[in-house]
Amino acid sequence: MIRRPPRSTQGVSSAASDVYKRQRLYPAGIREKEAKICKYLTMDSQKKIILFLLKKKTATSQEIREFIEKSPSVVSVNLNELFREKIIEKKYDIPSNKYSLKNPEQIKGILEEYYPETMTKLSENTIEMLDF
């Protein structure tokens, strides 16, 4: 059963309104870009990719695939979605493209504000042990 948003979404950003179908609630006044990043931080594969890139700075799809332990097609779909949403950047390189976060400081700020426990684990260098 999909719950529809109430007719009045006053005080909720359009990105937050767009994701109401999944019952994600964001504080009033959250910016659309922050809401999109929060959305991806609640999805398993995308969250792992974002945190891996935050820690490693730059990585190939092969390195990302090995870290998140998903098939090449799953990694490709997730990377393309994050790229399309302008959360990550792609540097075309031979033999493999390199990926990095477009704005790592913004993501760190969002993690500190909305996901402090994740930021603590990340700062303690335990990203490999994070229980997603």
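Me: Is E85 buried, partly exposed or exposed?
Reply: Bearing in mind that this is a predicted model, E85 comes out as partly exposed, because its relative accessible area is 22%, and buried would need a value under 20%.

Me: Where is E85 found, and what is it in contact with?
Reply: E85 lies in the loop that runs between α5 (72-84) and β2 (88-91), and, once its neighbours within four places in sequence are left aside, E85 is in contact with K33, K36 and Y40.

Me: How far apart are the C-alpha atoms of E85 and K36?
Reply: Their C-alpha atoms are separated by 8.0 Å, although E85 and K36 are 49 residues apart along the chain.

Me: OK, what about E81, which side chain of opposite charge is nearest?
Reply: That is R84, at 4.7 Å from E81, and E81, which belongs to helix α5, is buried yet has no salt bridge.

Me: And what does E81 touch?
Reply: Not counting residues up to four places away in sequence, E81 touches Y40 and Q46.

Me: Switching topic, at what angle do α6 and α7 pack?
Reply: Helix α6 (residues 104-114) and helix α7 (residues 116-123) pack at about 120°, with their axes 5 Å apart, and the two helices are therefore oblique to each other.

Me: Which residues make that contact?
Reply: From α6 the contact uses K108, L111, E112, E113 and Y114, while α7 supplies P116, T118, M119 and L122; by type, these residues divide into five nonpolar, one polar and three charged.

Note on methods
Residues numbered from 1 in each chain as written. Predicted model: local features only at pLDDT ≥ 70, side-chain atom pairs only at ≥ 80, totals over all residues. Heavy atoms only, no water. Helix = DSSP H or I, 4+ residues; strand = E, 2+ residues; numbered from the N terminus. Buried < 20%, exposed > 50% of the residue type's maximum accessible area, 1.4 Å probe, protein only. Contact = heavy atoms within 4.5 Å. Axes fitted to C-alpha atoms, helices over the stretch in contact; angles between N-to-C directions. Parallel < 35°, antiparallel > 145°, perpendicular 65-115°, else oblique. Nonpolar A, V, L, I, M, F, W, Y, C, P; charged D, E, K, R; others polar. Lys, Arg positive; Asp, Glu negative; His and termini not counted. Salt bridge = Lys/Arg side-chain N within 4 Å of Asp/Glu carboxyl O.
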